[in-house]
2 protein chains.
Amino acid sequence: MTRILALFLAVSLTVAPASAVWPLPQSFQTGSSALRLSPRFDIQLSVNHASQDLRDAVSRTKFHLKNDKLGRLVVGRGSSDEQAVASAPTLALLTLSLTGPGSESIATEAQKLLGERDEAYALSIPSDGSTATITANSTLGLYRGLTTFEQLWYHYNGHTYTIQAPIEVEDFPAYPYRGLMLDTARNYFPVDDIKRTLDAMSMVKINTFHWHVVDSQSFPLQIPGFENISAAGAYASSSVYSAANVRDIVSYAGARGIDVIMEIDTPGHTSVISKAYPEHIACPESTPWATYANEPPAGQLRFVQPETAEFAANLLGAAAALTSSAYFNTGGDELNTACYEQDEPTTAILNQTGLTLYDALDNFTATTHKRLIDSGKTPIVWEEMVLNYNVTSLSNETLVLVWISSNNVAAVAQKGYKLIHAASDYFYLDCGAGAWVGDFPQGNSWCDPFKSWQKSYTFDPVSGLTETEKTLVQGGQHLLWTEQSGPENLDSIVWPRAASSAELFWSGPGGNVSAALPRLHNVAYRMRTRGVKAISLQPEWCAIRPGVCDLTA
Amino acid sequence: MTRILALFLAVSLTVAPASAVWPLPQSFQTGSSALRLSPRFDIQLSVNHASQDLRDAVSRTKFHLKNDKLGRLVVGRGSSDEQAVASAPTLALLTLSLTGPGSESIATEAQKLLGERDEAYALSIPSDGSTATITANSTLGLYRGLTTFEQLWYHYNGHTYTIQAPIEVEDFPAYPYRGLMLDTARNYFPVDDIKRTLDAMSMVKINTFHWHVVDSQSFPLQIPGFENISAAGAYASSSVYSAANVRDIVSYAGARGIDVIMEIDTPGHTSVISKAYPEHIACPESTPWATYANEPPAGQLRFVQPETAEFAANLLGAAAALTSSAYFNTGGDELNTACYEQDEPTTAILNQTGLTLYDALDNFTATTHKRLIDSGKTPIVWEEMVLNYNVTSLSNETLVLVWISSNNVAAVAQKGYKLIHAASDYFYLDCGAGAWVGDFPQGNSWCDPFKSWQKSYTFDPVSGLTETEKTLVQGGQHLLWTEQSGPENLDSIVWPRAASSAELFWSGPGGNVSAALPRLHNVAYRMRTRGVKAISLQPEWCAIRPGVCDLTA
């Protein structure tokens with residue numbers, strides 16, 4: 001079935017979508033028969049030497065099928081289904097089988113290069129109670145199928161059931177990259193908050209955790225050989241991610257089909273490094289901060305110094321060694337030139353060598369990126385590196401994050417770089433909550449207004465691009481910068497909003513917000529059953545009456 | 001000390017406010033000596049026949065002094081205080097004494113008419129370790145003093161201490177009404193969420209819980225004699241407030257110096273009553289909803305029917321009997337005339353009697369308000385009742401909530417009514433999160449943008465009023481309408497933002513946001529120690545460096 005047909009089906013279901021799968025599969029055929037899970041329901045792996053993470057995923061699915069206990073989002077919450085369900089056939093078995101040769105772990109598959117992962121799967125649930133199947137070429141595909149399977153079932157009065165059997169799904173992502181960025185430097189988030197976020201991400205098939213782990217305000221990452229930075233620059237000795245924590249997070253994410261791409265933002269956003277290595281930082285905490293940085297505190301790597309480039313390469317290399325991803329993000333945004341103009345060591349070298357600041361940045365980037373590429377990592381950078389700083393030493397494989405404005409997408413594509421949508425005008429979760437800098441009573445967020453789920457959901461990822469340029473779009477992500485966030489509002493500011501880009505980049509663009517809303521309510525309600533505090537998008541009166549609270553209803 | 005002096009002190013402390021009391025006391029004199037609480041620290045009541053709620057409050061204060069364990073919000077979180085604290089005198093005793101005659105309970109005092117409460121107190125803490133004192137004319141005043149006392153102490157390495165002894169406070173509220181409104185009808189909130197909110201309110205001396213308990217979407221209140229409405233109109237049988245729940249909430253609030261003012265919004269906002277009493281509701285769930293109501297579902301009391309007025313009087317009377325407040329809110333906002341124009345029973349009566357719709361509304365209001373006044377309650381209404389519907393039957397004592405716009409304050413005052421600030425352009429906590437009605441991709445909140453704490457903090461409560469009109473201002477409140485809120489984001493959407501109006505209406509207007517911010521960080525951090533998920537207003541780097549992240553720092 002094509003995407004157009006899938007959308008048609010979704011629209012036709014607006015009155016009461018019995019199967020509220022998110023993201024919407026590429027092909028999704030449903031019937032109208034009741035089917036319930038047998039009390040003996042089991043999931044069997046027809047996979048040779050199944051990986052431990054696949055076996056664990058099966059156990060989690062069985063747990064969720066027992067414990068979600070989500071009532072259908074209709075008036076009565078499923079009471080009208082009771083009679084049909086009581087006499088329905090029961091499903092006793094789901095089998096998972098691989099159509100491909102090997103059986104790598106989910107994590108191994110999820111950590112490959114973007115073009116080399118296989119997330120496709122097929123799911124079949126007969127209506128007569130005979131065995132349901134998920135087939136895929138990879139364990140990662142089987143895992144994606146399991147997350148779809150989990151969303152098909154509702155609970156009422158002791159029964160776990162669907163009223164849409166038979167169900168046939170053929171599914172694969174429109175884009176290989178579907179991410180979520182979390183900044184753990186402006187404010188710190190305990191490991192358990194990150195794991196809960198990974199759980200929620202996996203429910204909507206987000207496959208990338210972009211971990212903006214450190215920044216000018218704090219350095220919570222313990223990097224082997226550089227522990228003195230976190231010792232001096234974390235908010236507290238308890239507010240750190242040890243190497244063991246990072247491995248734990250990478251493993252937890254991998255088992256959920258999520259690649260952890262760490263970012264150590266350089267050469268800007270590095271003020272805190274001055275607490276351990278003052279010789280490498282220009283304008284540390286200089287004031288007025290607004291002259292030397294986009295936000296306090298000022299401080300950037302003194303990148304024109306060869307010894308600072310070597311230091312940065314060592315730091316990035318050691319950080320990159322903590323992760324299993326094929327990618328590493330070196331940042332490159334918001335470089336402040338005033339900081340360097342008043343930095344004596346910087347100006348001395350520039351005068352001596354005749355290099356411009358951007359020549360030197362090119363050299364610095366060549367040094368740090370070479371270290372990463374030599375250790376098998378593909379670099380990721382923010383858009384300024386290619387649009388503003390004219391860094392020519394970037395590898396052609398470099399991924400570019402477009403953040404300042406979606407208007408800049410075409411310019412990045414015209415330079416031939418693969419790109420990831422992360423534009424502030426669509427995907428920034430922190431916009432619209434007033435000014436966070438002090439003494440600014442009438443101030444707004446710099447990226448006002450609030451980016452609603454509807455706004456990001458209706459984004460067009462290929463607007464203004466040629467056919468060739470369209471092939472450069474790898475996907476996109478929501479982002480949470482945490483000047484005004486912490487563990488207290490992590491779930492509520494992210495969920496279910498970030499699910500909108502998850503569907504946009506899995507199912508493809510063109511989705512209709514009215515058809516999507518009832519399914520997105522299901523995302524929020526199901527997340528809550530699993531301890532993720534996704535917020536209400538509407539009064540419950542509306543949530544259980546699909547379409548009735550539409551503007552024109 | 002005058003307010004001007006108090007502000008000067010606060011400004012002078014911006015670098016590191018050791019005592020971060022919120023709301024700022026009317027007079028607040030501090031020294032610079034260290035003083036720590038003795039391990040034997042105790043609080044003694046020099047009060048004859050002290051009420052149980054006062055004795056409980058003392059126990060809670062002792063608990064918080066032991067368990068808050070809040071580090072001072074400076075770099076090092078108090079490590080620089082360690083030496084001074086180690087050799088400091090210890091405080092072993094705080095005594096509470098009443099200067100007035102009787103000893104009513106805190107709840108009794110808090111539930112009096114606004115002008116009859118006494119919340120003033122004096123607090124004295126000598127620097128030499130000799131006995132500290134709180135004196136007041138009422139138990140309510142003593143309780144306010146306890147909540148101030150709790151905010152003076154920080155924790156470092158086993159010591160609970162201040163570095164600002166001696167401390168002398170003389171304090172009383174600028175306005176008698178300082179409230180918070182919660183809508184429990186769009187989405188339901190369990191009793192524990194309400195209690196946690198009451199705890200947080202008491203920390204900042206908010207004295208009124210405006211409980212918008214029911215609305216068109218759901219009716220979670222079990223009213224004796226009208227249980228069929230909640231049985232048919234609550235979201236679930238578990239999503240109800242029983243009479244016992246209400247008594248529990250009223251008692252819990254009263255013990256914390258908070259009056260619970262319940263609102264049963266009439267005659268609009270009553271659609272759900274049609275599920276139990278269809279004969280009393282016009283245009284129930286009529287479509288298109290936008291023709292018949294400001295939000296779905298449509299449905300309003302058929303107030304021109306005398307039997308409906310009698311029904312409403314009985315309903316309001318029975319609900320009012322559940323609370324202990326001297327006030328009851330009968331609503332009166334957003335009446336939709338199209339609903340009545342197509343309602344056959346309404347038009348028949350109007351034609352027969354020759355009354356206009358607003359004549360009939362006046363009669364209805366006279367009937368319902370008489371029932372409340374006869375049972376000792378003073379009515380509260382929304383602004384349309386006096387500005388748009390020309391209801392002449394209102395008692396002169398009626399309090400009017402200005403919500404549509406702060407521009408309407410003067411018009412209400414000109415009519416001579418006592419008023420409460422609740423304007424959407426300053427105090428609505430739900431603005432700025434995108435459209436909640438469906439199928440409206442580019443829609444914003446109707447009251448965009450987000451109302452930051454700075455915005456409400458800098459509100460002028462007497463702008464444009466004559467000296468006489470100024471005396472009508474009773475205070476004000478933040479409000480949370482819950483179309484896009486539920487238990488998941490209650491704390492994060494309310495706190496610490498709602499503390500800004502708490503200080504505005506206790507300390508009086510004119511506060512400076514730069515001086516306030518470090519103290520407001522303290523509010524948020526201390527709330528978190530008590531399980532209230534108040535959000536971060538800035539990166540922690542800023543929170544522990546007062547003033548350094550100001551726009552011009």
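A:Arg178 and A:Glu119 are joined by a salt bridge whose closest N and O atoms are 2.7 Å apart, a salt bridge being a side-chain nitrogen of Lys or Arg within 4 Å of a carboxyl oxygen of Asp or Glu. Because A:Arg178 sits in strand S7 (residues 177–183) of chain A and A:Glu119 in the loop between H4 and strand S3 (121–125) of chain A, the pair ties together parts that are 59 residues apart in sequence; helices (H or I, at least four residues) and strands (E, at least two) are DSSP runs, numbered from the N terminus. Both A:Arg178 and A:Glu119 are buried, where buried means under 20% relative accessible area, exposed over 50%, and partly exposed in between (1.4 Å probe, protein chains only).

This is a predicted model, in which local features need pLDDT of at least 70 and side-chain atom pairs count only at pLDDT 80 or more, while totals for chains, interfaces and linings use all residues, and side-chain values use heavy atoms, with hydrogens and water left out. Residues are numbered from 1 along each chain as its sequence is written, and chains are lettered from A and ligands numbered from 1 in the order in which they are written.

The domain assignment of chain A, with bounds that come from an automatic or database domain assignment, gives domain 1 (17–171) and domain 2 (177–508). The C-alpha centres of domain 1 and domain 2 of chain A lie 36 Å apart, and 24 residues of domain 1 are in contact with 29 residues of domain 2, contact meaning heavy atoms within 4.5 Å. Between them, these two domains of chain A bury about 2200 Å², 51% of it on carbon and sulfur atoms; buried area is the accessible area (1.4 Å probe) that two parts lose on being put together, summed over both. Of the area that domain 1 of chain A buries against domain 2 of chain A, A:Trp22, A:Gln111 and A:Leu114 supply 32%, more than any other three residues.

Across the interface of domain 1 and domain 2 of chain A there are two salt bridges, and 16 residue pairs are in polar contact, both residues at pLDDT 80 or more. A polar contact is a pair of N or O atoms within 3.5 Å, where within protein one must be able to donate a hydrogen and the other to accept it, and residues adjacent in sequence count only if both atoms are side-chain atoms. On the side of domain 1 of chain A that touches domain 2 of chain A, helix H2 (52–67), helix H4 (106–110) and helix H5 (139–150) of chain A each supply at least two residues, and H5(A) gives the most, with five residues.

The contact between the two chains takes 53 residues from chain A and 53 residues from chain B. The area buried between chain A and chain B is about 4700 Å², with carbon and sulfur atoms giving 57%; in chain A, the residues that lose the most area to chain B are A:Glu488, A:Trp541 and A:Leu551, together 15% of what that side buries. Two salt bridges are counted between chain A and chain B, and the side chains of A:Glu488 and B:Arg528 meet in a salt bridge at 3.5 Å, N to O. Polar contacts between chain A and chain B number 26 residue pairs, both at pLDDT 80 or more. The elements that give two or more residues to the side of chain A that touches chain B are helix H9 (289–292), helix H17 (453–457), helix H21 (513–529) and helix H22 (540–543) of chain A, and H21(A) gives the most, with four residues.

Over all chains the salt bridges come to 54. In chain B, B:Lys195 forms a salt bridge with B:Asp248, the closest N and O atoms being 2.7 Å apart; since B:Lys195 lies in helix H6 (residues 191–203) of chain B and B:Asp248 in helix H8 (residues 243–254) of chain B, the pair ties together parts that are 53 residues apart in sequence. B:Lys195 counts as buried at 16% relative accessibility, whereas B:Asp248 is partly exposed, with a relative accessible area of 31%. Helix H6 of chain B also holds B:Asp199, which forms a salt bridge with B:Arg256 at 2.8 Å between the closest N and O atoms.
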